[in-house]
Amino acid sequence: MKQIRNRLAWLMVAIVTVSFSLFLIITPTLSAQSSSSVEVKNYLARFQYIFQYILQAYVDEVDPKQLYEGALNGMFDTLDDPWSYYLSEDDMEDLNNNTTVGRYGGVGLYIARPVPVDEKEKGKVVKVPDQWPELDTTKDDLPFIKVVSPIEDTPAYRKGIHSGDYIIAIGDQSTENMTSDDASGKMKGLPGTDITVTILRGKNIIFDVTITRASIEIPTVKEAMIPGRIGYIRIIQFSPYTEPRVREALKTLNSQGYDSLIIDVRGNGGGLLNAAVNIIDMFLSSGPIVSTKGRVAEENKVFNATSSLEVAADVPIAILIDGGSASASEILAGAFKDTGRGYLIGNTSFGKGLVQTVVPLGREGFKLTISRYYTPSGVNINGTGIEPNLKIAEPELNDEENASLKKLFEEHLVENFVNGNPKPSEQEQKAFARRLQQEEEITLPFDLLMRLIRGEVFRRMDQPPVFDLDYDPVLKKAVSLLETGAIQPKTGTLAQEQKQ
């Protein structure tokens, strides 16, 4: 079985964009390191001969562009690297829209495929079965499309799709043999049109979600003050606009008198390496932020902090992460953790520790892994993620509670409640939660029910609250530690840890 490309539908990887001239410099270096120039010339001559022979002698007429793109895709497939792949003209246009314009068409999801598609089965249509087998998202070998994270304020986010969900079908077709490219293409379409996806959540919770496509404008930063002089900044993705937006947010919070800070990168799928580095530099006065190491000498770089600080060194900082925090988010989290500048709270991050370069070839191009990135302490977290200083895991559900959660989603109980009452008061939300427990025999904890209800309500709002301090346990813990002065601003530890 040959492993094929496993790429994200949107650019959640850290990117360093280069020009074609740089590609010309890199290529000879790699050739000299890997094989003799005579051998390479022989391979190229044979490839050209085979290409021409197929065009002239194959029983049916072949489109040379199709043959060319197939050869390139096959070449990248042999690298066994899910982050390196050929970019067609459409791919390059999407990529430029995502990273430069910050807008694209679709539903608003970062997706990946954890398990490769068998080359022989690739593209084979598999209809949705009448009965799905028992499926569990805690397993790592599910042959479906995984949601890394929804993009905030997009159609998928508003429909309640979560980080860690699996998309097991799109329309009437299973995603079993789809690459993430295939899935992304199927979910794209004209704004205003609908697409139905089948979601797997938790242990065998399977339900359909119909999403109305839109022109996606990706937000970058939101900020607010939390009572107790705590500033809160949520970084949604790292784009060319993120650094100036963080600077603006800090100025706004400073004018309101913050004396401690929470930076939330939960569900942030990543983006531009330089954006993350420049933001971290606002908080560090010296030392390495991140380093990259590859086979090409030019890619062995150390990004160091400058002496300029936007945030004083004595301001305690909590960083919130989860399984949807990837790539550039992990660079930020790793720098804060390793330098002791911040205290990490939440769950283990995604684990994307590779750096890609995008090389344009006219209107086409390709993306290639050129280096690995390392946190200030020299750790590469690819495949493992970053562990928080304080882990706050989701509650473990017993079989009865999992059955209740399954009923809640499969029968769309919360969604139907909000559809019938779009702006319920907090008292109405609490009354509905109690009704679920009493009349529908939903055995889930009350706080968990309220989180689900409020999340559905907030997603429908044009201007939802920036945070939910009442029912967000990770945020509540961060606020508690900052209010009590437990987080030490220069060591990234808790006060009681220093005493031990």
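Biologist: How exposed is Phe47, buried, exposed or partly exposed?

Modeller: The model is a predicted one, and a residue counts as buried under 20% relative accessible area and as exposed over 50%. Phe47 has a relative accessible area of 45%, so Phe47 is partly exposed. Phe51, by contrast, has a value of 19% and therefore counts as buried.

Biologist: Where do Phe47 and Phe51 lie?

Modeller: Both belong to helix H2, which covers residues 37–57, and they are 4 residues apart, about one turn of the helix.

Biologist: How many aromatic pairs are there in the protein, and what geometry does the pair of Phe47 and Phe51 have?

Modeller: Ring centres have to lie within 6.5 Å to pair, and planes over 60 degrees apart count as edge-to-face, those under 30 as stacked and the rest as tilted. By this rule there are 9 aromatic pairs. Phe47 and Phe51 form one of them, with 6.2 Å centre to centre and 35° between the planes, so the pair is tilted.

Biologist: What is the geometry of the pair formed by Tyr232 and Phe467?

Modeller: Tyr232 and Phe467 have 65° between their planes and 5.5 Å between their centres, and therefore the pair is edge-to-face. This pair links distant parts of the chain, 235 residues apart: Tyr232 lies in strand S12 (residues 230–235), whereas Phe467 lies in the loop between helix H13 (446–460) and helix H14 (473–483). Tyr232 is buried, at 1% relative accessibility.

Biologist: Which charged residues lie over aromatic rings?

Modeller: For a charge over a ring, one looks at the distance from the ring centre and the angle to the ring normal. The charged end of Lys293 sits over the ring of Tyr374, at 4.8 Å from its centre, and Lys352 lies over the face of Trp83, 5.0 Å from the ring centre.

Biologist: How many residues of helix H8 are buried, and which are they?

Modeller: Helix H8, residues 273–280, is mostly covered, with 6 of its 8 residues buried. Those buried residues are Leu273, Ala275, Ala276, Val277, Ile279 and Ile280.

Biologist: What can be said about the protein as a whole, in helices, strands and burial?

Modeller: The protein has 15 helices and 20 strands, and 49% of its 500 residues count as buried. Among contacts with a separation of 6 or more, 74% come from residues 24 or more positions apart.

Definitions and conventions
Residues numbered from 1 in each chain as written. Predicted model: local features only at pLDDT ≥ 70, side-chain atom pairs only at ≥ 80, totals over all residues. Heavy atoms only, no water. Helix = DSSP H or I, 4+ residues; strand = E, 2+ residues; numbered from the N terminus. Buried < 20%, exposed > 50% of the residue type's maximum accessible area, 1.4 Å probe, protein only. Contact = heavy atoms within 4.5 Å. Phe/Tyr/Trp six-rings, centres within 6.5 Å; stacked < 30°, edge-to-face > 60°. Lys NZ or Arg CZ within 6 Å of the ring centre and 35° of its normal.
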